[in-house]
Amino acid sequence: MSATLELQNQYEFDVYPKRDVVIVRGKGATVWDENGKAYIDCVAGHGVANLGHANEAVIDAIVRQAQILITCSGTFYNDQKALLLEKLIRITPKSLTRAFLCNSGTESIEAAIKFVRFTAKKPNFICAMKSFHGRTMGALSATFNPKYRQDFEPLVPGFNFVPFNNFEKMQQAITAETAAILLEPVQGEGGVNLGEKDYFQKVRKLCDETGIILIIDEVQSGFCRTGKLFAIEHFDVEPDILCLAKSIAGGLPMGAVVCSDKIEAPVGNHGSTFGGNPLACAAASAAIDFMLEQKLAQQAEEKGKYLAERLVQYNFRSVREIRQIGLMIGIEMKEKVKPYIIQLIDEGLLTLPAGSTVLRLLPPLTISYDELDAVLEKLKRVLA
Ligand SMILES: Cc1ncc(COP(=O)(O)O)c(C=O)c1O
């Protein structure tokens, strides 16, 4: 057995079901294991590596900033933070005017929940069935799947669930105590379920009429993944709060809660030691510049179509449905997906599940067409 595997098995307080692959290096859309075997990486750190592994622009920014200043308390001003905040406000929907920086997706949801309760002075949230918003107690309370929740109850009270894309049920769920509606534009973990434009537009109108705050979770769908800079742009809808993380800093841990003027900041009553540190901010600025310069949204749109059109043509008997938006692809199988994922690893392709029957592909958006063809060949061998 590999020494790394042995050490990790012995010492890690492990919460992840593991695959027996020791990844030691990455470049672009390829990662290598400790034996030198190459894999095309359609996991990309659960949708983090949108810019590809070892992206030169991000490396340069990290190396430069590490030599200047890595950490800085949020009680002081910092040049890198200021630059990133300006950039974030410039690229996110116009309604959003200020951002709070943290370290992960779940933290961005946690902060949004607190900002909403502070602003609205009401307790309740409406979320969607099949939603996923994170693992900390607040974000978990907004997450639907009982599998994630049941061992940790009691959770935070005040979270109700309605079917996704069903406006009538949403309307019926509203009460005088509803502070906010929290939705993903595309449910990633829940199975790559695509939101509908008409639904999101109606929900926006409902929020405008009732004063309810609309939180959009783009932790997974943001930063060009779906063929737009942010998935909510597909619906011509602007949120009151936008939660971001994953690929925001090119692979370094970072999250952001981007807020409209409606949202009040609990000054002195929320914070994060590492949130918005200069190193992550410098990496994020470089990552965002790269996304814009390289037109990653357009690349995701074109490459996603290329993959999906071919997958549909293959007409695999084992596949029930293919759901795709940009380079966020869900292949719904007629049976459990895990054996396929294991077989694909042998073929040199890393994929991830979204629920028990959906095979999910979240490759770096920089993946080449040759690599896409290789992905298709490997899928053909295993799914046919
Ligand atoms: C939509 C969504 N929200 C929140 C999270 C939680 O993010 P993190 O794992 O960075 O805490 C995830 C993670 O997959 C996610 O997909």
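The shell around the ligand comprises four nonpolar, eight polar and three charged residues. The structure is a predicted model. Of the 15 residues around the ligand, those that come nearest are Gly105, Thr106, Gly134, Val219 and Gln220.

Strand 11 (residues 241–244) is covered on both faces. Ile241 and Cys243 are buried on one side, and Leu242 and Leu244 are buried on the other. In a regular strand, the side chains alternate between the two faces of the sheet. Strand 11 pairs with strand 10 (residues 213–217) and with strand 12 (residues 255–260). Cys243 is the bridge partner of Asp217, while Leu244 has Ala256 in strand 12 as its bridge partner.

A further set of four strands forms an open sheet of mixed pairing, in the order 1-2-3-15. Strand 1 (23–27) and strand 15 (349–350) each have a single partner strand and stand at the edges, so one side of each is left without a neighbour in the sheet. Strand 3 (residues 38–41) runs parallel to strand 15, and Asp41 stands opposite Leu350 in the latter strand.

| Strand pair | Sense | Bridges |
|---|---|---|
| Strand 3 and strand 15 | parallel | two bridges |
| Strand 10 and strand 11 | parallel | three bridges |
| Strand 11 and strand 12 | antiparallel | four bridges |

Conventions
Residues are numbered from 1 along each chain as its sequence is written. This is a predicted model: local features need pLDDT of at least 70, side-chain atom pairs count only at pLDDT 80 or more; totals for chains, interfaces and linings use all residues. A residue is near a molecule or strand if its C-beta atom, placed from the backbone, lies within 6 Å of it. Ala, Val, Leu, Ile, Met, Phe, Trp, Tyr, Cys and Pro count as nonpolar, Asp, Glu, Lys and Arg as charged, and the others, Gly among them, as polar. Two strands pair if DSSP finds at least two bridges between them. A residue is buried if 20 or more other C-beta atoms lie within 10 Å of its own, exposed if 12 or fewer, and partly exposed in between; C-beta atoms are placed from the backbone.
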